[in-house]
Structures are given as structure tokens and as C-alpha cells.
Amino acid sequence: MSLSDFLDSLQKLQRDAQEVFATVTSQESLEAARVRFLGAKNGALKEIQKQLGRIAAEDKPQAGQRLNEIKRSLADAFQQAATLLEEPSVADGKAVAAPTLPGTPLKLGHIHPVTQTIEHLKEIMGRMGFATAEGPEVEDPWHNFVALNIPEDHPARDPLDNFYLATAKGSVGEEGSQLLRSQTSTVQIRVMEVRRPPIRIVSLGRVYRPDDPDATHFPMFHQMEGLLIDRQVTMAHLKTVLRVFATNYLGKDVSIRFRPSFFPFTEPSVEVDFWWNDQWIEFGGAGMVDPAVLTAVGYDPEQVSGFAFGLGVERLCMRRHNITDIRDLYSGDMRFLSQF
Ligand code: PHE
């Protein structure tokens, strides 16, 4: 056999083998190609190698060297085909991704636990006929204090206990100044100023107090304010609404307790406790709307009466989900938040 015939057949083998290895689509066809070209017994390469003995002695080194090169290139082509089969890639057109392989999931955002709680509370109160109302977070002293019967010298108006804004108009605490509302009771006033009774609303939103953050305090938190104004409203209505609310949100076996308290805008005033998981837990304040407040918004206290309550939203959320530190809700840590 002449050297050039030998080299030609090697060349042809390489072309054929590369074409076949480049188009294998399964382990079976890969293995078939391997046996066909690289098989130790009757593989095409082996067949050509057998011819080496018939090459003239002086041509042998060249023939052998070429044979080894082709052998390596076929081994590479085989390796590459095997790798492609393991990592299907549509991009390079050499393989088809397994059509049943699940895709890479997109990271979806979800609703913050406090927002989820707010939606839930609105839904429960909505079933009892309470519509939602809103008010601004930046307030004036009239809505945050004055109309709520909180006098000028009341400690609740202390600049150290409120976030007053550094606005040009009015000095701190006086007419014309502004602050971040410290309670959602502001919305009671805003609603009563523009509407006539009967009124039945809840307002859920942020309030701000300069507290140092710890497990139960945060300088920003949420309240659910409730207000019902009608003829002949009594404490019994208040207690019933709060009990129905609590059993809906926390569970059937919740009890409710009123403890005497004081708020300038309710008379009588109470602290509201729910019996839950074997203990009394305070959730907020409530009471019958003070006649001075009804008068401030232009209602006649002889004609109408009503109740109001303010509950801590985080507290409700934390109780229900067994969260022990309010700061977790606002850390932005996805490991915590993604559990809800
Ligand atoms: N605004 C009161 C507070 O923040 C709660 C409250 C609301 C009390 C309505 C009575 C009536 O503590």
C-alpha cells in the first residue's frame, strides 16, 4: 500500500467520524459511533492501522505519526460529543435541550407579612360592614391632637415623643406645624369632618413614635383604627365587634377583656386584651367617642354616639404567626420574610 493511499484513507476516516460524532443525539448513537470508528476489534481506525505493516519502511514514521494524530482527534471528537450529550445546549446548535427538563424558576416577589395582615384585617372588618378610610401620614396638630381633645400641655404632644417636621410655618406643637402622625385616630377626625353619621369605618396605616427599637418597639408601626357612629351605640356593641373580630383573626377560643383606662378622645376608655394561648395580651385601646370630639367635628352629642378603637397591627400579625421580635418584620431579610 502506498503512503498516499494510506494517508487518504486516514483523511476520509477523520471526515466521516467527525461528521457522525457531531450529530449524535443519544447515548446509543454515541456508542454506535464509538464502536464504528474507535472500536478496539473492528473499528475503522483499527482496520487502517492493520495496513501500517504494508507501508514501505522509509514511509513508516510519517504514516505512524499521522495515524496517531487522527487517533487523538477522533478521541477528542468522541469526548466532545459525550460532554454535549451531558449538558444539552440549544445555543450552540449541537444539541437539543431535553424538552421535559424543568426550567430555571423565576424569583417571584411576594407580599410583606404586615401588608398581608392589613388585607386580612380589612377583609374581616369588611364583612362586619366597616368600609376602609385613609388619611395622610404627615399631619397637623389639629387632627393629631386638638380635635381629639388633647390639650396644649398634654404630655402626648411633647416634642420628644413625636416626630415634628422642620417646616417653616409654626413652632413645634403649635398651629401650622406638622408631624408624622402618632396614631391613626387622626382619621376619625378626617372622616367625621366630611361625612354625616351613620359612620362605620376602619383605617389601617403607619404611625410614628420616637421609640428605641427593641423586640416589641419600632419607631414606625401600624394601627387599625375603628370608628362607628350612629344613634344609641353602646359599649356592648364595641365589645361584640372586637370579639367577633378577634375570633375571626386569632381563632374560636379567644376571649376579650376590657380594663379601665384613659384617652382624651374617649369616655369611658378601656385597654383591650385578648385571651390567647393561655394568657391575656394587650392589643390596643378603645372607648366611647368623647362628646368633646363629636362637638369638634360639628356633630350633636345629644343625637349621636359611637365607639372607637385602635389596635396594633404588628402585634396581631406577630401573635398569629408566632413572631417574637418586631425588628424581624423590618430587617428586609429574605430568609425571614419568605416564610410568610
Ligand atoms: N389612639 C390610641 C393609641 O394610639 C388608641 C385608641 C384609639 C384609643 C381609639 C381609643 C380609641 O394609643
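Strands here are DSSP E runs of at least two residues, and helices are H or I runs of at least four, numbered from the N terminus. Thr132 has Val202 of S5 as its bridge partner.

A word on the source. This is a predicted model: local features need pLDDT of at least 70, side-chain atom pairs need 80 or more, and totals for chains, interfaces and linings use all residues. Residues are numbered from 1 along each chain as its sequence is written, and side-chain values use heavy atoms, without hydrogens or water.

Now the whole sheet. It is open, has seven strands, and runs S1-S5-S6-S10-S9-S8-S7 with mixed pairing. Strands pair if DSSP finds at least two bridges between them. S1 (131-132) and S7 (255-263) are the edges; each has a single partner strand, so one side of each has no neighbour in the sheet. Helix H8 (residues 235-249) packs on this sheet, touching S6, S7, S8, S9 and S10. Contact means heavy atoms within 4.5 Å.

Next, two helices. H1 (residues 3-22) and H4 (residues 60-86) pack at about 5°, axes 10 Å apart. Axes are lines fitted to C-alpha atoms, for helices over the stretch in contact; angles run from 0 to 180 degrees between N-to-C directions. H1 and H4 are therefore roughly parallel, meaning an angle under 35 degrees. The contact includes Phe6 and Leu10 of H1, and Leu67 and Ile70 of H4.

Last, the domains. The assignment gives domain 1 (3-96) and domain 2 (113-135 + 181-337); the bounds come from an automatic or database assignment. Their C-alpha centres lie 80 Å apart.

Conventions. Parallel < 35°, antiparallel > 145°, perpendicular 65-115°, else oblique.
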